[in-house]
Amino acid sequence: MTDKPGNRRYHDMGGLPAGPVENDDHEPDLWEKRVDAMMVCLGTSVADGKKLITVDEIRRVIEDLPPDAYDTMSYYERWVHSISTILAERGVYSREELEAKLAEVKARANEQASEGAAP
Amino acid sequence: MSRFAPGDKVRVIADFTRPGHVRTPWYCRDKAGVIERACGAFANPETLAYAKDGLPKLPLYRVRFAQRELWPDYGGGAGDVVEIEIYEPWLKATEE
């Protein structure tokens, strides 16, 4: 027998015990809809004759998550992690640019929160 | 050009250590099945996953496996099957 269970990659869990399936419908949050829309835009946009992102790349980055992150991140958290990793890989922006933008957005959110809290 | 035709007996190659993005589920590797249909040729997802062009396109087949082949302790009907779409490089001909 050549099967070596120790070499199975974590995400490749077809056929393993998984417990009950939750069938409850729920409305996606606004940010989740935005991530979905961003994925569609990037998957249909072409630069230098290539799509900006492929679903195969998205899957590859998600599959490379360590098991604890794979288990605890939500569906769209995995997507947004994957999208941001790929766009940095492809040089659409640098890590520094992404971090600067995130800091700017956080500062704006804090400002809005403190304005909202004022009497 | 497709190497296999419907009805051909095949076995998934026993590659349990291929790194990176792989489109062939772990549980069907080294398992025997039958070609159910040829699906056409498609860009290779295992290279598209690394921002390559995925060329040359690879023949894709729908392969039918008996549940009892995949899961030795399967408790359902003897005629139960699973069909999995698998790219040609993952398949080899077999007489079994």
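Mentor: Let's start with a helix in chain A and then move over to chain B.

Keep in mind that this is a predicted model. It scores ipTM 0.88 and pTM 0.87. For chain B, the mean pLDDT is 95, with 98% of its residues at 70 or more.

Now the helix. Look at α2 of chain A, residues 55–63, and find its packing partner, helix α4 of chain A, residues 75–89. Two packed helices are described by the angle between their axes and the distance between the axes. Here the angle is about 110 degrees and the axes are 9 Å apart. That is why α2(A) and α4(A) count as roughly perpendicular to each other: angles of 65 to 115 degrees get that label.

Who makes the contact? On the α2(A) side you'll find A:Glu57, A:Ile58, A:Val61 and A:Ile62. From α4(A) come A:Arg78, A:Trp79, A:Ser82, A:Thr85 and A:Ile86. Sort the residues of this contact by class and you get five nonpolar, two polar and two charged. The spacing makes sense if you remember that an α-helix has 3.6 residues a turn, so residues three or four places apart point the same way.

Next, burial. In α2(A), the buried residues are A:Asp56, A:Glu57, A:Ile58 and A:Arg60. The cover over them includes α4 of chain A, and also α1 (45–48) of chain B.

The contact between the chains takes 15 residues from chain A and 15 residues from chain B. On the chain A side, the residues touching chain B include no nonpolar ones; five are polar and ten are charged.

Over in chain B, follow the loop between α1 and β3. B:Ala51 is found in that loop, and its phi is positive, about 65 degrees, although it is not a glycine. With 17 C-beta neighbours inside 10 Å, B:Ala51 counts as partly exposed. B:Pro56 lies in this loop between α1 and β3 of chain B too, and the peptide bond from B:Leu55 to B:Pro56 is cis, with omega near 0 degrees. Both are worth a look, as most residues other than glycine have a negative phi, and most peptide bonds are trans.

B:Arg62, for instance, stands opposite B:Glu85 in β4(B). These strands belong to an open sheet of five, ordered β4-β3-β2-β1-β5 in chain B, with antiparallel pairing. At the edges stand β4 (81–87) and β5 (91–93) of chain B, each with a single partner strand, so one side of each has no neighbour in the sheet. From one strand to the next, the twist averages 40 degrees.

One last stop is B:Arg68, in helix α2 (residues 67–70) of chain B. B:Arg68 is partly exposed, with 16 other C-beta atoms within 10 Å. Leaving out residues up to four places away in sequence, B:Arg68 touches B:Tyr74 and B:Ala78.

Conventions:
Residues are numbered from 1 along each chain as its sequence is written. Chains are lettered from A and ligands numbered from 1 in the order in which they are written. This is a predicted model: local features need pLDDT of at least 70, side-chain atom pairs count only at pLDDT 80 or more; totals for chains, interfaces and linings use all residues. Axes are lines fitted to C-alpha atoms, for helices over the stretch in contact, and angles run from 0 to 180 degrees between N-to-C directions. Helices (H or I, at least four residues) and strands (E, at least two) are DSSP runs, numbered from the N terminus. Angles under 35 degrees count as roughly parallel, over 145 as roughly antiparallel, 65 to 115 as roughly perpendicular and the rest as oblique. Two residues are in contact if their C-beta atoms, placed from the backbone, lie within 7 Å. Ala, Val, Leu, Ile, Met, Phe, Trp, Tyr, Cys and Pro count as nonpolar, Asp, Glu, Lys and Arg as charged, and the others, Gly among them, as polar. pLDDT is the predictor's confidence in each residue, from 0 to 100. Two strands pair if DSSP finds at least two bridges between them. A residue is buried if 20 or more other C-beta atoms lie within 10 Å of its own, exposed if 12 or fewer, and partly exposed in between; C-beta atoms are placed from the backbone.
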